[in-house]
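Subject: Structure for your review

Dear colleague,

Please find below the structure that I am handing over to you.

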Amino acid sequence: MTQDDWRTMLEGHPIFTLPNGCGGQSEESLDLSTSTLKKSILNEGPLDVPRSGRRQVMVLKDSDLIVAAGYELRITSLSASKLGRSTNNSFKILNTPNIQFWIHQIALNPSGKLIAVAGAHQVAVVVLPRAGYSKLASGSVDCKSIQVGSFYHHSHSSAPIAKIEWHPWGEAGSTLMIMTVDGKLREYDISVDIEEPQQVLSFVPEKKTSKSYLAEDPAEREVASFTLGKGKADWGPAHRLCCYEVRRHLCHMPYMPQNASVPSSYVHALECFISAKQEFLSQGASSGISVLSTLYDYQRKYVTTLLKQLPAGTVYPAISRSFSMHPPMTIKSQPMRQGPFLLQPSPRSLEDSEGGDATDIAYLAFIRDDDDEDAGETERLGILIVTHQDGKVDVCLDVEKVEARWESKGDKSQDLPMLAVYECIDLGLISMLKQTSPLSSGTPALDLLQANRPILLMDPIHDDTVYVYHAFGVHSAGTHVVPLVNTYSVDRRCSNPIIAGSEDFLAPIEGPSAYVSLLGTEPFVPPLALLRPSGPPSNPRIAVGTPDTKTEFVLTPETLRNLGSTIEGLTSQIHKIILAYKATEVRAELQAKEFERQQQKCGAMLDLIEQLSGLRNSEVKERLERIREAYRALASRLDHRLQTLMQQASPKLSEYETKWFEELRRMKAEIAGAGRYDEQSLAARTSLLKREYDRMLPSLNDMAVKEAERKRRLCESGLGLSQAFQFGERTNQERTKIAELEETIMKMASKLELSLARPPSLRETPQN
């Protein structure tokens, strides 16, 4: 076996075995066939496949392979296997008790320290173990894990998760983006808040109520995937593209993480790009200059706010560094949702295909590190790739770059963004399935395409290569389309779906560390001259006899040589001790400076925490106030609309009938909601209330059991309630009789003119 033969090395590795909690299913039951097709489409069984059908359960972190198997995460080191250090292939299980769902997607953050895992409706983040985990004797490694957005991604009634991805410009690599099939992209900053998203982008327009009947396919409002734009001196990195299942593509820009780390070179290049457009606009004259001038002014305000966030003295051209930035708030208008994209020419349909739904989208940009040297070279076009269920892959060129726009009443432009369709690739899935004869039941093999969800995987080394893995194998699409793996069996009429793919290269994170210590990464080692507990080494001495010896000491050449070597050794030792003292003194001064820097850094972090807590509190209050104002405005409009409808009622219906039907429509919209995933509907709110009730019921039952136990102990340890009541009543009666007797005695003493001591009940309590 050669060391580079990864296929032979990983074949039969136990990390790829089925998990124990597979619901008692056999390996054959996991195959895709006509008998299991219904379960795959209806999402039956313990696997709970999400509506998007996206599966990515394997990822590489340097030399570590991470695989998700059911409810557990597994990790193994490939370096030991490749170098032949380990003869027994094994793996470690990451112990994460908080993950109680079947894992369908995993994503590694840019720093390689966190990994996000997602099921059909839930998302969690796991802190990966440090290097050296493979040396542990136990088969599991305890890892910290936290649930993300449990309010939005928890129950089965919430929108299924379409895709998760870490933003490459997120500060400290902690920005996680979660797209659900209802078209909402939520941005979470794991280092700030894991429950509430920092930003929410909606790619699906709000459903407007209409009197007329409008037939609408539910797939038109369901998102299949999303991708991040790319570029170096344009708006590419600031826009997000998403694709619907009905082959519609929309983008939302400008977009920037709430806590971003943006390269300074990009900000300066974007500023030059906008300046060039404004200069070109000032030289021409056309009817649309006013609209473009307003748009470019907005873009200028946006990039100017970014430039102000750069540290003073940052110039261009210079070495690019990443700096912490926040989205500009100077523009009150919201970013515009642009689309759908116009595909020219129209993509062709495959033969014997009704046009499968879109499943994934990816954006490619051929950017090299030495592109800055080729200043005269023509700018390279971006490529947009979209996969479909029937095995068709559309390759589109981003000829007309989409620019940032904001919602404006004066902008009446209805021009749709355009993508140039370069080619349509046929992976040959239809022709492969047509070779299979239909079963006796009459079910055609082409029906297996209904459960096919092709997923795109970028090659990190070759920009012109992309991999497509699907239910029937893996294809490599570059200059030529090459099938790499085929899992479909014509004889058995079934396939073992591919659920993961990974690359053998991980690019390092750009930019310096958040904090660089003056002491370096290696611990301080004291000099050898100071490490001897008994002091400097002893020198040999010359034997000159005893005091009783009468022989005179004779100075010989050998004695002189010994004396010289001894003096030289002592001088060298003294010099080493002096150097060790100076090195230790310099280290002590450096540690004092580092201690002072760390104190300043901690103070800055505490100030930042106070600012975030105060700012976030004010933002929540402002948001609640805006919601109240919007509610009052909607209530006023609703009253006005009902009054108008009552005055302009149809002559065929009476006033009371019209009002009754309007009330029925309103109640239906309030109960069922505007769409399938309307969070404001009564059905969704009832489901949420039931979930909260089920969550609180166990604790209430425990409290009831504890209260009953307390009452039982009280009854066993003392008197009963009725006995205690009777005892108290009798005590009160006796106290009343004693008081009456005291009063009678006092009256008799006054008549006899006798002085009596005060009764015990009236005596003052003696003070200490």
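I begin with Thr96, which lies in the loop between β5 (92–95) and β6 (105–108). Please note that the model is a predicted one. Thr96 has a relative accessible area of 7%, and it is therefore classed as buried, the cut-off being under 20%. Not counting residues up to four places away in sequence, Thr96 touches Val126, Cys143 and Ser145.

The strands concerned, β8 (residues 123–127) and β10, pair in the antiparallel sense over 3 bridges. They belong to an open sheet of 4 strands, in the order β6-β7-β8-β10, with antiparallel pairing. The edges are taken by β6 and β10 (145–147); each has a single partner strand, so one side of each is left without a neighbour in the sheet. On average, neighbouring strands of this sheet are turned by 20 degrees against each other, direction ignored.

With 20 residues at 1.5 Å a residue, helix α4 should span 28 Å, and its end C-alpha atoms are 29 Å apart, which agrees. The buried residues of α4 are Ser264, Tyr266, Val267, His268, Ala269, Leu270, Ile274, Lys277 and Leu281. Among the elements that cover them are β18 (260–263), α5 (289–308) and β19 (322–325).

Ser264, which is placed in helix α4, deserves a separate word. Its relative accessible area is 5%, and Ser264 is buried. Leaving aside neighbours within four places in sequence, the contacts of Ser264 are Leu310, Thr314, Ile319, Ser320, Arg321 and Phe323. As regards Phe323, 59 residues separate it from Ser264 in sequence, while the C-alpha to C-alpha distance is 6.9 Å.

How do α4 and α5 pack, and at what angle? The angle is about 155 degrees, and the axes are 10 Å apart. That makes α4 roughly antiparallel to α5, since angles over 145 degrees are counted in that way. The crossing of the two helices, α4 and α5, is left-handed. On the α4 side, the contact is made by Val267, His268, Leu270, Glu271, Ile274, Ser275, Lys277, Gln278 and Leu281. On the α5 side, the contact is made by Ile289, Leu292, Ser293, Tyr296, Asp297, Gln299, Arg300, Val303, Leu306 and Leu307. Several residues of this contact are also buried residues of α4, including Val267, Ile274 and Leu281.

I turn now to a second open sheet. It is formed by 5 strands in the order β21-β25-β24-β23-β22, and the pairing is mixed. β21 (342–344) and β22 (358–364) are the edge strands, each pairing on one side only. Neighbouring strands here are turned by 30 degrees against each other on average, direction ignored. Within this sheet, strand β24 (residues 392–398) and strand β25 (residues 418–426) run antiparallel and are joined by 6 bridges. Asp394 has Cys424 as its bridge partner in β25.

A further group of strands is arranged around β27 (residues 466–470). This strand is mostly covered, as 4 of the 5 residues of β27 are buried. Which strands pair with β27? Strand β26 (residues 455–458) pairs with β27 in the antiparallel sense over 4 bridges, and strand β28 (residues 473–477) pairs with β27, also in the antiparallel sense, over 5 bridges. The link from β27 to β28 is a hairpin through 2 residues.

Finally, there is helix α8 (residues 655–672). Helix α8 has 18 residues and reaches 26 Å from its first C-alpha to its last, close to the 26 Å expected at 1.5 Å a residue. Gly673 follows α8, and its phi is positive, near 95 degrees.

With kind regards

Key. Residues are numbered from 1 along each chain as its sequence is written. This is a predicted model: local features need pLDDT of at least 70, side-chain atom pairs count only at pLDDT 80 or more; totals for chains, interfaces and linings use all residues. Side-chain values use heavy atoms; hydrogens and water are left out. The expected span of a helix is 1.5 Å times one less than its number of residues. Buried means under 20% relative accessible area, exposed over 50%, partly exposed in between (1.4 Å probe, protein chains only). Contact means heavy atoms within 4.5 Å. Two strands pair if DSSP finds at least two bridges between them. Axes are lines fitted to C-alpha atoms, for helices over the stretch in contact, and angles run from 0 to 180 degrees between N-to-C directions. Angles under 35 degrees count as roughly parallel, over 145 as roughly antiparallel, 65 to 115 as roughly perpendicular and the rest as oblique. A crossing is left-handed if the near helix is turned anticlockwise from the far one by less than a right angle, and right-handed if clockwise.
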